[in-house]
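User: I'm new to this structure and would like to learn how to read it. Could you walk me through it?

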Amino acid sequence: MTDPRDPAERLALLEADNARLRRLLDGAGLPDSLRHGMRNTMAMLRTVMHRSADSAADVESYVAHLDGRFGAIMRVQAATDAFGDADLHTLISDELMFHLAREGEQASLAGPRVRLRPKAAQVVALALHELTSNAVEHGSLALPQGRIRAAWRVADTEAGPPVLSLDWAETGGRGVVPSGRRGFGTDVLTEMLAYDLGAAVDLRYEPDGLRCTIRVPLTAQVGRRVAEDPETGCESDGR
């Protein structure tokens, strides 16, 4: 499945494809906001398709992983089309449920209300998909006693935006070690999160499971924390 062309040629072809897509959408007479969202989603899908091919071992695994990654992106697209942004708790629980890991059984989630902008939500959802898929295939969720805990918090900083920290912890695994082969999931966690969201990621392979901490500056382009007004029960800005 490896593309014989060199990286520069593949990048040029991808940029040309995205340029053709932008021209097509610009000529479709769509509202600016919808056109912008579609461009972002299609660009993300094309990136996933090309980079998945680079790391696929065979056609069967390429198709299976691509289907899962596209599904994660399109679930986010449906949510942001409906509500304008995406709830972080829902992103995590939906991805776990897609892999048959139920909150309260094999998974526990804890954190404040955080809503992510569409593009940021797509990148975070893709990272969550890679973490969950890895847990199912190689980590804690491959074993009956395996568990996952996802906990997040938002901390103010003296200068700059608040920082969203998401801790992903697997327990109940056995002999978890790096695979030695750099795949698409590693690229998402170590490169895409940093490039698109300015995130810092710490990956640790503990004996009983993977630990991953993702720290993202919660700028206006990324998202916001929200709180419920105790009197009305409605969401209010949590900054």
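Analyst: Let's go through some helix packing and then a few single residues. Keep in mind that this is a predicted model.

User: Let's begin with the overall make-up. How many helices and strands are there in the protein?

Analyst: The protein has 6 helices and 9 strands. Of its 239 residues, 41% are buried.

User: How do I describe two packed helices?

Analyst: You give the angle between their axes and the distance between the axes. Take helix α5 (residues 118-137) and helix α6 (residues 184-197): their axes come within 9 Å and cross at roughly 160°. Angles over 145 degrees count as roughly antiparallel, and α5 and α6 are therefore roughly antiparallel to each other. Their crossing is left-handed.

User: Which residues in α5 and α6 meet?

Analyst: On the α5 side you'll find Lys119, Ala120, Val123, Val124, Leu126, Ala127, Glu130 and Leu131. They meet Phe184, Gly185, Val188, Leu189, Met192, Leu193, Asp196 and Leu197 in α6. By class, the residues of this contact are 12 nonpolar, 1 polar and 3 charged.

User: What is the angle between α4 and α5?

Analyst: Helix α4 (residues 88-98) packs against α5 at an angle of about 35°, and the axes are 10 Å apart. The crossing of α4 and α5 is right-handed. From α4, Leu88, Leu91, Ile92, Glu95 and Leu96 take part, and they meet Ala121, Val124, Ala125, Leu128, His129 and Thr132 in α5. That contact has 8 nonpolar, 2 polar and 1 charged residues.

User: Why do residues three or four places apart in an α-helix point the same way?

Analyst: An α-helix has 3.6 residues a turn, so residues at that spacing point the same way. With that idea in mind, look at α4, where Leu88, Leu91, Ile92, Ser93, Glu95 and Leu96 are buried.

User: What goes on at the start of α4?

Analyst: Look at aspartate 87, which lies in strand β1 (residues 86-87). One of its side-chain oxygens reaches to within 3.2 Å of the backbone nitrogen of histidine 89. A polar atom of the aspartate 87 side chain also lies 3.0 Å from the backbone nitrogen of threonine 90. Setting aside neighbours within four places in sequence, aspartate 87 is in contact with Arg113, Val114 and Arg115. Just after α4, leucine 100 takes a positive phi of about 65°.

User: Is aspartate 87 buried or exposed?

Analyst: The cut-off for buried is under 20% relative accessible area. Aspartate 87 has 11% relative accessibility, so it counts as buried.

User: And serine 133, buried or exposed?

Analyst: Serine 133 sits in helix α5. Its relative accessible area is 9%, so serine 133 is buried. Its side chain makes a polar contact of 3.4 Å with the side chain of histidine 99.

User: What about proline 118?

Analyst: Proline 118 is also part of helix α5. Its relative accessibility is 28%, so proline 118 counts as partly exposed. This residue shows how sequence and space can be read side by side: proline 118 and alanine 86 are 32 residues apart in sequence, with their C-alpha atoms 6.9 Å apart. Leaving out neighbours within four places in sequence, proline 118 is in contact with Val76, Thr80 and Gly84.

Methods:
Residues are numbered from 1 along each chain as its sequence is written. This is a predicted model: local features need pLDDT of at least 70, side-chain atom pairs count only at pLDDT 80 or more; totals for chains, interfaces and linings use all residues. Side-chain values use heavy atoms; hydrogens and water are left out. Axes are lines fitted to C-alpha atoms, for helices over the stretch in contact, and angles run from 0 to 180 degrees between N-to-C directions. Helices (H or I, at least four residues) and strands (E, at least two) are DSSP runs, numbered from the N terminus. Angles under 35 degrees count as roughly parallel, over 145 as roughly antiparallel, 65 to 115 as roughly perpendicular and the rest as oblique. A crossing is left-handed if the near helix is turned anticlockwise from the far one by less than a right angle, and right-handed if clockwise. Contact means heavy atoms within 4.5 Å. Ala, Val, Leu, Ile, Met, Phe, Trp, Tyr, Cys and Pro count as nonpolar, Asp, Glu, Lys and Arg as charged, and the others, Gly among them, as polar. Buried means under 20% relative accessible area, exposed over 50%, partly exposed in between (1.4 Å probe, protein chains only). A polar contact is a pair of N or O atoms within 3.5 Å; within protein, one must be able to donate a hydrogen and the other to accept it, and residues adjacent in sequence count only if both atoms are side-chain atoms.
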